[in-house]
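Student: I am new to this structure. Could you take me closely through one part of it, the sheet and the helices that pack around it?

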Amino acid sequence: MQYFTNEKHYNTLNNYYRARFGTKVMKIALNGGFSCPNRDGTLSTKGCLFCSEKGSGDFAGNPVESIKNQYKQIKTMMNKKWKDGLYIAYFQAFSNTYGPIEQLKTIYETALSLDNDIIGLNIGTRADCFNDDIYDLLDSLNHQTYLTVELGLQSMHDESLAYINRGHNRDQFTKTVRALRQRGIDVVVHIINGLPGETKEMMFQTIDYINQLDIQGIKIHMLYVIKNTPLASIYLNDPFDILSLAEYTDITVHQIRKLNPNIIIHRVTGDPPKNLLITPEWTLKKFVVQNNIDKQMRKQGFYQGDLYHPLFK
Ligand code: SF4
């Protein structure tokens with residue numbers, strides 16, 4: 001099913017939520033105090049090059065606070081802008097299936113019990129943080145609520161995954177997506193455009209790979225360099241090419257055109273913390289980036305999936 005409008009020639013998350021739930025749905029980013037096997041020394045890779053001190057959850061709640069307090073504080077803030085709506089508890093920072101099964105169960109169930117207006121759970125994690133007990137727990141949650149699992153892929157190219165210290169390869173990712181889909185769990189995939197060494201064609205191939213998976217959503221990000229990350233040291237010692245806004249717009253528009261038209265696009269750009277950003281500055285202007293993409297699609301008469309063909313999945 002498609003949720004295109006005259007303004008947005010692709011499936012936005014907002015339009016999808018409104019069609020499915022009949023109202024505004026807000027995601028409340030909670031911090032469950034988890035870590036990540038790629039950050040705590042469990043893997044030899046020692047963290048994705050771009051990962052910030054907050055485990056890529058820079059806008060999530062404060063882990064010092066209980067889940068309940070985080071929820072209350074963020075909901076109050078959101079209600080200043082949107083008075084009514086429904087909520088999704090979103091575990092964003094670090095790897096939120098990385099922990100003992102009892103701890104995971106308690107945290108997820110606590111989140112779901114916070115408010116009658118919570119209609120779902122979003123769990124962000126890595127493809128290598130699953131086992132049979134976790135799949136069973138997610139399967140059971142998927143019968144109780146609207147569950148979505150978000151998985152970082154970043155690129156379909158194993159050489160890029162090795163370069164960014166991802167700590168798992170594409171095959172591992174494919175297996176995890178299949179296991180989640182066998183249980184009917186919605187999957188959202190994160191990708192990054194502009195990784196060092198990647199050509200436009202390589203970024204388009206990542207979309208071709210995603211089209212072969214039975215996924216429900218995608219977040220498209222631009223690579224940005226954040227202070228105090230391994231990527232910052234690399235960039236400051238020997239600056240690599242960074243995509244311009246015009247290049248990013250062209251690449252992302254083409255990716256959207258190639259993307260299966262049934263997939264929901266949760267993001268078309270990232271959201272770096274201003275005080276930590278080294279480059280590129282244009283990523284701070286999230287609405288300008290979105291508008292450029294939307295304008296280009298409208299002007300040229302492009303739509304999500306107009307270059308998608310199931311035969312060339
Ligand atoms: S998987 Fe996420 S939290 Fe872990 S190192 Fe990579 S970006 Fe950071």
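Tutor: What follows starts with the sheet, moves to the helix pairs, and ends with the loops and the ligand. Keep in mind that this is a predicted model.

Strand 8 pairs with strand 6, residues 217-222, in the parallel sense. Three bridges make up that pairing. In it, Gly-217 stands opposite Ile-264 of strand 8.

Helix 3 covers residues 101-112, and helix 4 covers residues 132-144. Their axes are 10 Å apart, and the packing angle is about 15°. The two helices are therefore roughly parallel to each other. Helix 3 passes helix 4 in a right-handed crossing. Which residues meet there? Helix 3 brings Ile-101, Leu-104, Lys-105, Tyr-108 and Leu-112. Helix 4 answers with Asp-133, Ile-134, Leu-137, Leu-138, Leu-141 and Gln-144. By class, this contact has eight nonpolar residues, one polar and two charged.

A second pair is helix 7, residues 200-212, with helix 9, residues 245-258. Here the axes come within 10 Å and cross at roughly 25°. That angle makes helix 7 roughly parallel to helix 9. The crossing of helix 7 past helix 9 is right-handed. On the helix 7 side, the contact uses Lys-200, Met-203, Phe-204, Ile-207, Asp-208 and Asn-211. On the helix 9 side stand Ile-251, His-254, Gln-255 and Lys-258. The residues of this contact divide into four nonpolar, three polar and three charged.

Helix 9 packs against helix 10 as well. These axes come within 9 Å and cross at roughly 55°. So helix 9 and helix 10 are oblique to each other. Their crossing is right-handed. From helix 9 come Leu-245, Tyr-248, Thr-249, Asp-250, Thr-252, Val-253, Ile-256 and Arg-257. From helix 10 come Val-288, Val-289, Asn-292, Ile-293, Gln-296 and Met-297. Sorted by class, the contact of helix 9 with helix 10 holds eight nonpolar, four polar and two charged residues.

Next come the loops. Helix 10 spans residues 286-300, and a loop joins strand 9 (277-279) to it. Pro-280 is found in that loop. The peptide bond between Thr-279 and Pro-280 is cis, with omega about -5°. Another loop lies between strand 1 and helix 2 (67-81), and Lys-46 is in it. What is the phi of Lys-46? It is near 60°, a positive value in a residue other than glycine.

Last, the ligand. How many residues are around the ligand? There are 12. Cys-36, Arg-39, Cys-48, Cys-51 and Arg-126 come nearest. Taken by class, the shell has five nonpolar, four polar and three charged residues.

Finish where helix 9 meets helix 7 and crosses helix 10.

Terms used. Residues are numbered from 1 along each chain as its sequence is written. This is a predicted model: local features need pLDDT of at least 70, side-chain atom pairs count only at pLDDT 80 or more; totals for chains, interfaces and linings use all residues. Side-chain values use heavy atoms; hydrogens and water are left out. Axes are lines fitted to C-alpha atoms, for helices over the stretch in contact, and angles run from 0 to 180 degrees between N-to-C directions. Helices (H or I, at least four residues) and strands (E, at least two) are DSSP runs, numbered from the N terminus. Angles under 35 degrees count as roughly parallel, over 145 as roughly antiparallel, 65 to 115 as roughly perpendicular and the rest as oblique. A crossing is left-handed if the near helix is turned anticlockwise from the far one by less than a right angle, and right-handed if clockwise. Contact means heavy atoms within 4.5 Å. Ala, Val, Leu, Ile, Met, Phe, Trp, Tyr, Cys and Pro count as nonpolar, Asp, Glu, Lys and Arg as charged, and the others, Gly among them, as polar. A residue is near a molecule or strand if one of its heavy atoms lies within 4 Å of it. Two strands pair if DSSP finds at least two bridges between them.
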